Amino acid sequence: MLKNKSQKNEFANQKAAILELKDFLTKISRENPLKAESLREKRTRRDFDIIKKWILGNKIFDYGCGSGRVGLMIKRRLKKNVVLGDVTHQNETPLPLYLCGRKKTPFADNFFDTVIMLNVLHHTGNACALVKEAARITRRRIVIFEQHLYRKEESRGLSKKRMEGFAYF
């Protein structure tokens, strides 16, 4: 839960930025559906290319999967068993999706070989709890790629400078 006015304002700003981006993508889709699709495919391929070498084992959990496109690419290209998890249903793939609360997933300790988290942590007020949960359900590796890391003193508006971050452990 959001505890104070600052967190509520931050959440409102994030939600406004997401809605602004969604409106932009909807406009592109209406004007040129092929261009919108090519942008999504390009982003999916880019994310896959960034993380593919870090994936270990056969059982993969895409934590905060969004559309599930990256997970599907992992399944098809790397021949892995992929399970998707997110707090909302946006899955556009035939892969199984588990709706996970922000605190605990329905999986046993050490269930997956690799847990991937692509551009997920900036959506939560408690990134530490998500990483701890990922550590609980993986036995080999957590792969985190975050393009939306901001300096604490900066606003989270779309026009601010971004810093890319990548980690695996």
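Modeller: Happy to! A word on the ground rules: this is a predicted model, in which local features need pLDDT of at least 70 and side-chain atom pairs count only at pLDDT 80 or more, while totals for chains, interfaces and linings use all residues. Residues are numbered from 1 along each chain as its sequence is written, and side-chain values use heavy atoms, with hydrogens and water left out.

The partner is the side chain of T93, at 2.7 Å. A polar contact here is a pair of N or O atoms within 3.5 Å; within protein, one must be able to donate a hydrogen and the other to accept it, and residues adjacent in sequence count only if both atoms are side-chain atoms. The N91 side chain also reaches the backbone oxygen of L95, at 2.9 Å. As for its place in the chain, N91 is in the loop between β2 (81–86) and β3 (97–99). Helices (H or I, at least four residues) and strands (E, at least two) are DSSP runs, numbered from the N terminus.

N91 is buried, because its relative accessible area is 14%; buried means under 20%, exposed over 50%, and partly exposed in between, with a 1.4 Å probe and protein chains only. Beyond its neighbours within four places in sequence, N91 is in contact (heavy atoms within 4.5 Å) with G66, S67, G68, L84 and L97.

Now let us step out to helix α3, which covers residues 69–78. Its buried residues are R69, V70, G71, L72, M73 and I74. M73 has a relative accessible area of 10%, which is why this residue counts as buried. Setting aside residues within four places in sequence, M73 is in contact with T44, R45, F48 and L78. M73 and T44 are 29 residues apart along the chain, and their C-alpha atoms are separated by 8.1 Å. Just after α3, K79 has a positive phi of about 60°.

I74, also in the buried set of α3, touches F48, I51, I55, K79, K80, V82 and I116, not counting residues up to four places away in sequence. That leads us to the largest nonpolar core, of 17 residues, where I51, I55, I74, V82, I116 and L118 touch the most other members. Such a core is a set of buried Ala, Val, Leu, Ile, Met, Phe, Trp, Tyr and Cys residues joined through side-chain atoms within 4.5 Å. Two or more residues come from each of α2 (33–51), α3, β2, β4 (112–118) and β5 (138–149), and α3 gives the most, with four. Apart from this core lies another, of 16 residues, F112, V115, L121 and L130 among them.

L121 sits in the loop between β4 and α4 (127–137), and its 17% relative accessibility is why it counts as buried. A127, L130, V131, I144 and E146 are what L121 touches, again not counting residues up to four places away.

In β4 itself we find T114, which is buried because its relative accessibility is 0%. Leaving out neighbours within four places, T114 is in contact with I55, L56, K59, I60, F61, T138, R141 and V143. K59 belongs to strand β1 (residues 59–63), and four of the five residues of β1 are buried, so this strand is largely enclosed by the rest of the structure. β1 and β2 run parallel, joined by five bridges; strands pair if DSSP finds at least two bridges between them. K59 stands opposite N81 in β2.

C65 is in none, and its nearest cysteine sulfur, that of C100, is 8.5 Å away. C65 is buried, because its relative accessibility is 11%, whereas C128 is exposed at 51%.

Finally, the whole chain: four helices and six strands, in the order α-α-β-α-β-β-β-α-β-β from the N terminus. Of its 169 residues, 38% count as buried.

Technical notes:
A disulfide is a pair of cysteine sulfur atoms within 2.5 Å.
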